[in-house]
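Biologist: I am new to this one. Please walk me through it, one question at a time.

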Amino acid sequence: MEDGPTGLVIGDFNGDGKKDILVANRNSASLTLLKGNGNGTFKAPKSIDVGSGPTSIALADFNGDGKKDVVVNAFFEDAIRVLLQA
C-alpha cells in the first residue's frame, strides 16, 4: 500500500458495540478509520490527519472517562498525539 501502513489497533471507536479498525499510515501522515458493520465488513474508510510520519498507535483511557483514547506518534516531528474519544 502506498500509504505505508505501520500500525494497527482494533476497538469500538464509536460506541456501537462493533469492532472498528484504526491504521497508522506513515507516508500519508494520517490514520485510516474503518468502522465495522458487525458482520466482518466495514464502511468506507475515513482519513484522519495526525502529523508527519505516524508509525505506532495504541489505545488507553487517558482521561479516565471509561472510553478508549488513541495515542499515535508523529515520527518526523518527534512528537506524540493523543486523540480523546468523544
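Modeller: Start with a definition: buried means under 20% relative accessible area, exposed means over 50%, and partly exposed lies in between (1.4 Å probe, protein chains only). This is a predicted model, where local features need pLDDT of at least 70, side-chain atom pairs count only at pLDDT 80 or more, and totals for chains, interfaces and linings use all residues. Residues are numbered from 1 along each chain as its sequence is written, and side-chain values use heavy atoms, with hydrogens and water left out.

Biologist: Is R81 buried, partly exposed or exposed?

Modeller: Its relative accessibility is 26%.

Biologist: Which side chain meets R81 in a salt bridge?

Modeller: A salt bridge puts a side-chain nitrogen of Lys or Arg within 4 Å of a carboxyl oxygen of Asp or Glu. The structure holds 1 salt bridge. In the bridge with R81, N to O is 2.5 Å.

Biologist: What is the order of the strands in the open sheet?

Modeller: Strands are DSSP runs (E, at least two residues), numbered from the N terminus. Two of them pair if DSSP finds at least two bridges between them. This open sheet has 3 strands with antiparallel pairing, in the order β5-β6-β7.

Biologist: Which are the edge strands?

Modeller: An edge strand here pairs on one side only. One spans 57-60 and the other 79-83. They are β5 and β7.

Biologist: What is the bridge partner of L59 in β6?

Modeller: L59 has its place in strand β5. That strand runs antiparallel to β6 (residues 69-74), joined by 4 bridges. L59 also has contacts (heavy atoms within 4.5 Å) beyond four places in sequence, including V9, F13 and K68. Its bridge partner in β6 is V70.

Biologist: Which residues form the nonpolar patch on the surface?

Modeller: Patches take residues with over 30% relative accessible area and no salt bridge; like charges are joined within 9 Å, nonpolar side chains (Val, Leu, Ile, Met, Phe, Trp, Tyr) within 5 Å. Together the members have about 400 Å² of accessible area, from the Shrake-Rupley method with a 1.4 Å probe, where for residues only the protein chains shown count as cover. One member, L84, sits in the segment after β7 and is exposed at 52%. The patch is F62, I80, V82 and L84.
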